[in-house]
Amino acid sequence: MKVYVLEQFESFCRKMYHRNCEERGEWGDELLTYEEYTTNHRGFLIHVYEQLEDESFGEALKKGSLKEWMRSL
């Protein structure tokens, strides 16, 4: 079970990283490496991932509308 949860968290972090790259690119900011992003935003990533229990997040994730969910924060 632990491996499955870690795989889910890794997938979530990758999605969040890609979103961060999109945002930074839109603003003309330098892109971070995946390692830099996850190190610098570890607390945020864990906090948001814990919200997976929230039905609105789960539904947004299933529908592929993670961007809309993030904007609603």
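Colleague: What relative accessible area does Phe9 have, and which class does that give?
Modeller: Start with the classes. Buried means under 20% relative accessible area, exposed means over 50%, and partly exposed lies in between, with a 1.4 Å probe and protein chains only. Phe9 has a relative accessible area of 23%, so the class of Phe9 is partly exposed.

Colleague: What pLDDT do local features need in this model?
Modeller: Residues are numbered from 1 along each chain as its sequence is written, and side-chain values use heavy atoms, leaving out hydrogens and water. This is a predicted model: totals for chains, interfaces and linings use all residues, side-chain atom pairs count only at pLDDT 80 or more, and local features need a pLDDT of at least 70.

Colleague: Which pattern does the protein follow along the sequence?
Modeller: Helices (H or I, at least four residues) and strands (E, at least two) are DSSP runs, numbered from the N terminus. The protein has five helices and zero strands. Read along the sequence, that gives α-α-α-α-α.

Colleague: What percentage of the residues is buried?
Modeller: The protein has 73 residues. It exposes about 5500 Å², by the Shrake-Rupley method with a 1.4 Å probe, and carbon and sulfur atoms supply 53% of that area. The buried residues make up 29%.

Colleague: How many aromatic pairs does the structure hold, and what is the angle between the planes of Phe9 and Tyr49?
Modeller: Rings of Phe, Tyr and Trp (its six-membered ring) pair if their centres lie within 6.5 Å. Planes under 30 degrees apart count as stacked, over 60 as edge-to-face, and the rest as tilted. The structure holds five aromatic pairs. One of them is Phe9 with Tyr49, edge-to-face, at 5.0 Å centre to centre and a plane angle of 80°.

Colleague: How far apart in sequence are the parts that Phe9 and Tyr49 tie together?
Modeller: Phe9 lies in helix α1 (residues 2-27). Tyr49 lies in helix α3 (residues 42-50), and Tyr49 is buried, at 14% relative accessibility. So the pair ties together parts separated in sequence by 40 residues.

Colleague: Which ring does the charged end of Arg14 sit over?
Modeller: The rule needs NZ of Lys or CZ of Arg within 6 Å of the ring centre and within 35 degrees of the ring normal. The charged end of Arg14 sits 3.6 Å from a ring centre. That ring belongs to Tyr34.

Colleague: How many disulfides are there?
Modeller: A disulfide is a pair of cysteine sulfur atoms within 2.5 Å. Cys13 is buried at 3% relative accessibility, and Cys21 is buried at 16%. By the distance rule, the count of disulfides is zero.

Colleague: Which residues does Asn20 touch, not counting residues up to four places away in sequence?
Modeller: Asn20 lies in helix α1 and is buried, with a relative accessible area of 11%. Contact means heavy atoms within 4.5 Å. Leaving out residues up to four places away in sequence, Asn20 touches Leu32 and Tyr37.

Colleague: Which residues does Leu31 touch, not counting residues up to four places away in sequence?
Modeller: Leu31 lies in the loop between α1 and α2. Leu31 is partly exposed, at 46% relative accessibility. Leaving out residues up to four places away in sequence, Leu31 touches Cys21, Arg24 and Gly25.

Colleague: What is the C-alpha to C-alpha distance between Glu35 and Tyr17?
Modeller: Glu35 sits in helix α2 and is exposed, at 52% relative accessibility. Glu35 and Tyr17 are 18 residues apart in sequence. In space, C-alpha to C-alpha, the distance is 9.6 Å.
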